[in-house]
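Hi,

Here is the structure I promised to pass on. Have a look at it first, and my notes follow below.

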Amino acid sequence: MRIKKYQLNKLRTTPIGSSVRMNGEVYMASKAPSVGNPCAKCGFYSEGIGANNCEVANACLGHLRKDRCSVIFEKIQMP
């Protein structure tokens, strides 16, 4: 899935606990766990792709976000 620049900016500014709709899916921004592989729980995660090659890494890595908190975007089901 290709992420457009405006979508990446939307993800980057999404506060923890808020949801965002992208490409027909809903994602919740959650605080990234400090142990293990936090990327594995992310809705954008693909096996074998680390943060160096991830399209949304600029939106989840704490040092690149305005709030300085690392997050993951968990895919949630909407009724």
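Before the notes, one term: a contact here means heavy atoms within 4.5 Å. This is a predicted model, where local features need pLDDT of at least 70 and side-chain atom pairs count only at pLDDT 80 or more, while totals for chains, interfaces and linings use all residues. Residues are numbered from 1 along each chain as its sequence is written, and side-chain values use heavy atoms, with hydrogens and water left out.

Let's start with R65, which sits in the loop between α2 and β3 (helices are DSSP runs of H or I with at least four residues, strands are runs of E with at least two, both numbered from the N terminus). R65 counts as buried because its relative accessibility is 1% (buried is under 20% relative accessible area, exposed over 50%, partly exposed in between, with a 1.4 Å probe and protein chains only). Apart from neighbours within four places in sequence, R65 touches L11, R12, T14, P15, A59, C60, V71 and F73.

Now the strands. β1 (residues 19-22) and β2 (residues 25-31) run antiparallel, joined by 4 bridges; strands pair if DSSP finds at least two bridges between them. S19 has M28 in β2 as its bridge partner, and M22 stands opposite E25. The hairpin of β1 and β2 has 2 residues between the strands, and N23 takes a positive phi near 50 degrees there. On β1, V20 and M22 make up the covered face, whereas S19 and R21 are on the uncovered one. In a regular strand the side chains alternate between the two faces of the sheet. β2 also pairs with β3, again antiparallel, over 6 bridges, and K31 is partnered with V71 in β3.

Finally, the largest pocket: its volume is about 400 Å³. A pocket is an open set of points on a 1 Å grid over the protein atoms alone, where a 1.4 Å probe fits, with protein on both sides within 12 Å along at least five of seven lines; lining residues have an atom within 4 Å of a point. The volume is the space filled by probe spheres set on the points. 25 residues line this pocket, with C42, F44, Y45, C54 and V56 nearest its centre. α2 (57-60) and β3 (71-76) are the elements giving two or more residues to that lining, and β3 has the largest share, 3 residues.

Cheers
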